[in-house]
Amino acid sequence: MTTKHLLHRELHPIAEAVPAFQFTLDNLDQFRNARLSSAALGDAEAAGVHREEVVISSTGAAGGTHEMSCLLYSPKNNKSAGAYLHIHGGGYVGGRKEYSDPMNTLIAAKLGVTVLAVGYRLAPEHPVPAPLDDCYSALAWLHDRAAHLGIDSRRIAIGGESAGGGLAAALAIHARDEGKYPVCHQHLTYPMLDHRTGTPEHYGDPLVGEFVWTRESNQFGWSCYLGSHPAQAPHVRAMVADLRGLPPAWIFTVSLDLFRDENISYAQRLLAAGVDTELVVMPGACHGFQLLPNTSLGKRYVNTHLEALGRALKVS
């Protein structure tokens, strides 16, 4: 059975342009290197943004110290004292902070906020707890340097796409539990939240998960990410028992994404816990639909994303 007829006509080429990848440990480097041409950084200065590499020392439950490369975007037209910590996607096993350079440059330029893109460690070489340790260290770095960077530490949002959205949700939980570094908002694009999604016991709607990120991909990503660690909170967001006290959330998902139902369920749980939550479900789209350039759906996503993040950071 194919669900291509349910895709918006503009997205039909995605089946050929971004085919689902058959993951193994032996071909993981092939997946990681498939988009290297997209890692070239754009002309941030032309957009009115100063971009620089910063090295952050990551420490945490994994022990030791890891020197982590991140990208800091500082708008020349600083309209807001807000900041956005961005975590890239890639199923916990791939992706690069550089791939999100166009969007992070746009966020800094349009909203006038500081953006920090996290270069967190990837599984399976670095499973739980290393990725979350890295993200938490980046959040601590933003808070500790808030005055120097011109940031209001009460207006730091976090977010990401897919695995990055999942890590952002985990970071919100971890930051709440630690009580040291406040987060004002979580900005989640089809976040990867539940290790059970796509298993025979939790197969879900057969109309989702055909394109780009499949059930098999999901199980591979989660197994690499968890390693020998038990599937428990905060690393598995869906397993968190108490969602009270989390920051307000914007959750964006799409009708044919494997994560659609876990995203809707998480939004419902947040609402039931008294957390201000906005849920957007775009019809006719699949996971990674923004990878196709110049579609009307991609433009709608960018506009919706910017407008919601601007509201959250109180950008005038």
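Are phenylalanine 252 and tyrosine 301 buried or exposed? Both are buried, and the views below take this pair along with other side-chain contacts in what is a predicted model.

View 1. The predicted model holds 13 aromatic pairs. In one of them, the ring centres of tyrosine 92 and tyrosine 225 sit 4.0 Å apart with 15 degrees between the planes, so this pair counts as stacked. The two come from distant parts of the chain, 133 residues apart. Tyrosine 92 belongs to the loop that runs between strand E3 (83–87) and helix H3 (101–111), while tyrosine 225 is part of helix H7. Tyrosine 92 and tyrosine 225 are both buried.

View 2. Phenylalanine 252 comes from strand E7 (residues 249–254) and tyrosine 301 from helix H9, so to speak a link between distant parts of the chain, 49 residues apart. As for the opening question, phenylalanine 252 and tyrosine 301 are both buried.

**View 3. Five aromatic residues make a cluster.** Phe21, Phe23, Phe31, Trp213 and Phe220 are joined by ring pairs.

**View 4. Two arginines sit over tyrosine rings.** Arginine 35 is placed over the face of tyrosine 99, 4.3 Å from the ring centre. In the other case, arginine 215 has its charged end over the ring of tyrosine 203, at 3.9 Å from the centre.

**View 5. A salt bridge ties helix H1 to the segment before it.** There are 14 salt bridges in the structure. One of them joins glutamate 16 and lysine 4, with 3.9 Å from N to O. Glutamate 16 lies in helix H1 (residues 14–17) and lysine 4 in the segment before H1, and the two are 12 residues apart. Glutamate 16 is exposed because its relative accessibility is 57%, and the cut-off for exposed is over 50%. Lysine 4, with a relative accessible area of 28%, is partly exposed.

View 6. Arginine 260 and aspartate 261 form a salt bridge, and their closest N and O atoms are 2.8 Å apart. Arginine 260 has a relative accessible area of 15%, so it is buried, whereas aspartate 261 is partly exposed at 37%.

View 7. Arginine 311 and glutamate 307 meet through their side chains in a salt bridge, 2.2 Å from N to O. Both residues belong to helix H9 (residues 296–312), where they are four residues apart, or about one turn of the helix. Arginine 311 is partly exposed, with 44% relative accessibility. Glutamate 307 is also partly exposed, at 44%.

**View 8. A nonpolar patch shows on the surface.** Met1, Leu6 and Leu207 make up this patch, and together they have about 320 Å² of accessible area. Where does leucine 207 lie? Look in the loop between strand E6 (185–189) and helix H7 (215–226). Leucine 207 has a relative accessible area of 33%, so it counts as partly exposed.

Definitions and conventions
Residues are numbered from 1 along each chain as its sequence is written. This is a predicted model: local features need pLDDT of at least 70, side-chain atom pairs count only at pLDDT 80 or more; totals for chains, interfaces and linings use all residues. Side-chain values use heavy atoms; hydrogens and water are left out. Patches are made of residues with over 30% relative accessible area and no salt bridge: like charges are joined within 9 Å, nonpolar side chains (Val, Leu, Ile, Met, Phe, Trp, Tyr) within 5 Å. Accessible areas come from the Shrake-Rupley method with a 1.4 Å probe; for residues, only the protein chains shown count as cover. A salt bridge is a side-chain nitrogen of Lys or Arg within 4 Å of a carboxyl oxygen of Asp or Glu. Buried means under 20% relative accessible area, exposed over 50%, partly exposed in between (1.4 Å probe, protein chains only). Rings of Phe, Tyr and Trp (its six-membered ring) pair if their centres lie within 6.5 Å; planes under 30 degrees apart count as stacked, over 60 as edge-to-face and the rest as tilted. A charge sits over a ring if NZ of Lys or CZ of Arg is within 6 Å of the ring centre and within 35 degrees of the ring normal.
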